[in-house]
Structure formats: C-alpha cells, structure tokens
Amino acid sequence: MKKKIPSKAWFPKIKPIAYEGAGTDNPLAFRHYNPDELFDGKSMADHLRFSIAYWHTFRGAGLDPFGGATICRPWDAGRDPVDVALRRMDAAFEFFTKIRAPFWCFHDRDIAPEGTSLKESNKILDRVVAHAKSLQKSTGVKLLWGTANLFSNPRYMCGAGTNPDAHVFAYAAAQVKKALEVTQELGGENYVFWGGREGYESLLNTNMKRELDHLAALLRMAVDYAKQIGFGGQFLIEPKPKEPTKHQYDFDVASGVAFLKTYGLEDYFKFNIETNHATLAGHTFQHEIEVAAAHGMLGSIDANSGDLLLGWDTDQFNTDVRELTLAMVSILKAGGLGTGGFNFDAKIRRTSIDIDDLFHAHVGGMDAYALAFKKARTILTEGKFEKHVAARYSSFDSGFGADIENGKVGFKELEKIAFKLGEPKPVSAKQEMLENLLARYIDG
C-alpha cells in the first residue's frame, strides 16, 4: 500500500509554543498562559477557550483604508483558488496546533472562494469544509463559531437582511442557510451574525421600520431553520456602531437588546462583544460586558483593541492588562462565557510582514488575557470591591429601600419618608481609593 505523504510544514522553524513562566526571555514562549494549569477543577485552556480568527490571521494582507497589501504568504501562491484554499487550510491548522489554540472561527468566504453561481460557491465550500473536518479530527482543534460574509460582495452594498431588494434578501438567506449547515457539519458551538452593512447612509432613501422588520425576519428564519436541522449551537449578535455604514442597527449591546426584545427574539440570541467595537460606540469594553450580563445575554468575546487616536476599526491585539482585568472581573462574575470563548479577531500591523509575527502577536494576546484572568480571580476572591459596592447600596437591603425594590411603596409613602428624614447626607463614592486599589492589583 502506498504510504501517505506527510503534508508540507509551513512553519518549520516554529516549535509548539510552550509555557515557560514569567521569568522567561524567550519571545516565543508563554509567560502567563499555561493551558494545563487547573483552576476550580478546570484547565486554563477550558476557562479561556482561545480561538483564532481565520479572516485576519490567514486572509489578512496588511490592507488599511489608505494602502494596499503588504503581506504575502507562501501558501497563497497558485492559480487555482480552490487549491490555494485547501493549502491555506493546512497552514492554518498547523498554526492552530503550534499556538495551542483549541478553537478557530471563520466566515464562509474566508475559507472558500465564491464561484460563478451560488450553487458552485456551495460546492466549493463543501470541498473545503470536508478538508477542514478532517484536519479538526486529526488535530483536535474545534470550531467555536461560523458565520456568513454578508458584506464584502457588491451585491450587499446596501445591506443583506436590510437590503431594499427582496432578491438580495433571498440570496443572503440562502447564504446563511448554507453557512449554518457547514457550521453544524464542523461541530460549531455558536453561530454569529455581524451586520456589517445592516444600516444606512441616508434617511432620504431609507425606510428604517421596514429594514428593521426585515432584519428580524432573517434572524427568525435562522432560528427556525436551526431547529429543522437540529443545530443546537448558540446564536450570537456582534454589535458595531459605525464603519462601514454611518449608522448600523446593531449599534451596541443595549440597542441590540432592545431590538431582540421588540421582535421576541431575546430567548435565542446572546452577544459576541468586540473590544474595538465598544470603543467605537463610545463605551468601555467592560461596560458592554456588564450590559449583556445584566440581561443574561453574555455569549462570547472578540479579543482585540482599537487605537484611541484613530477613528476606525484597527483590530489590534490587546495587551492592556488593566482593561482586560476589568473585563475579566465582569465575565467571571457573570459565570463565564458558556459555549463562547475569546476569539482573536485581531490582525498584525501592516508593517509586520514576517511569518513569526503571527506567533508573537498571538502569544502576547494570550498571555495578556491569561494574566488578567488570574488577577481577576484574585480580585474576586478577596472581594474588596464587591464589599464596597454592597455597602454603597446597603440602604436598599432593608426598610423602605427594600420596599422600593419590591414595589411596595409609591410616591405618597416616599414623600412622607422624605418629610420625616429631611435632607439626605452625601456619602463619598471613594473612587480614587478604589482606583488606587485596582492599580495595586494590576502592578502587584
């Protein structure tokens, strides 16, 4: 029997990234991320569930709004786009295993090129998905989530689910149907909707109410079809306020919650929160997490950051341990991410053109989140912030404060109490003291 020829190694000089501890000087080693370290009976890998974004890591070419490609990868060479896609998939899974990421994520058009028709595109996608499935089986890497790219092709220039042309809506629905099927085929634990062009440029040519109704219809169709095919994954919505459209309907988590509850979809969707999108919406990363958690809709994280001096989506790797620690505190208080994870929806800078830059970037990001995870656990274990917050709201724990929360009093009763007690005495919020305390946790 003819022996199977081993697949080409695309990263021959890079060994699997090892944990060497905080004292190491090895730039290609983990200082804080030890995937096998146990916390409450679960490994750090199981707590953090890191995922690699296929679109940035393996389709990123160093583009930005002002310049063309600067990055050229050896696996992208070739005339047949399907052969290139299969070769790229080999490189991707080699990277996933060497960086020790248990999950990956993709859009349908990231992994497979479009054909001349939807049927041909589906056949190409099936071929690449079959290859990905075999690589998942041989490596143990799993799919965190899949999605459909409903924003790049010119047909979606006016949106997909919100497009004024019913023909485009139908095409988008067919594309989501197929993406759901392949996500299920690959064992994906979630499915994401990102409304990249679900918004408007001008109200002069827009019927907002109809567009919102149509978007809800698309999401409801997805829920119905998932039930038909037995897809049990979690649906996620990824909010973003602007870019490319002037106003996107999934502006932030709060507007997303309102949309879902308006259309009776709140039981089927949670949120995939991206750090950089929170910034563009004028919020902090932690704020968006807290809003989602308050509604029981915290689903997953796109782990990146923006540049505060730039007004566009730079998708950088986040190494700000202070920001990540605050976020991790909120995530852990909410009980974690369930079937979600931390997906590195981040790209290396267009000047970082070497293959090993991919590893340096992800090592830094994984270490930052791991360190933040450990610091957040210490903060929650010691409970100093929670004790302060509990004391600050303690007047609502009993007496007329508890009656307010339980709906047992109204204006007349509270007026009598206000007359009796007189002017309230201001109480310091101790913000500076708490910021100093946080700095000790971060620097310690």
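Modeller: Here are a few such terms, each set against its rule. This is a predicted model, where local features need pLDDT of at least 70 and side-chain atom pairs count only at pLDDT 80 or more, while totals for chains, interfaces and linings use all residues. Residues are numbered from 1 along each chain as its sequence is written, and side-chain values use heavy atoms, leaving out hydrogens and water.

Colleague: Why does phenylalanine 11 count as buried?

Modeller: Buried means under 20% relative accessible area, exposed means over 50%, and partly exposed is in between, with a 1.4 Å probe and protein chains only. Phenylalanine 11 has 1% relative accessibility, so it counts as buried. Phenylalanine 359 is at 0%, so it is buried as well.

Colleague: Why is valine 389 called partly exposed?

Modeller: Its relative accessible area is 43%, which lies between the 20% and 50% limits, so valine 389 is partly exposed. Valine 389 also belongs to a nonpolar surface patch with Tyr393, Phe396, Phe400, Ile404 and Leu421, about 550 Å² of accessible area together.

Colleague: What makes a group of residues a patch?

Modeller: Members have over 30% relative accessible area and no salt bridge; like charges are joined within 9 Å, and nonpolar side chains (Val, Leu, Ile, Met, Phe, Trp, Tyr) within 5 Å. A salt bridge is a side-chain nitrogen of Lys or Arg within 4 Å of a carboxyl oxygen of Asp or Glu. Areas come from the Shrake-Rupley method with a 1.4 Å probe, and for residues only the protein chains shown count as cover.

Colleague: Is glutamate 243 buried, partly exposed or exposed?

Modeller: Glutamate 243 has a relative accessible area of 28%, so it is partly exposed. Its phi is positive, about 60°, although it is not a glycine. The peptide bond from glutamate 243 to proline 244 is cis, with omega near 20°.

Colleague: And how do you know that lysine 430 is partly exposed?

Modeller: Lysine 430 has a value of 42%, so the label is partly exposed here too. Its phi is near 60°, positive in a residue other than glycine.
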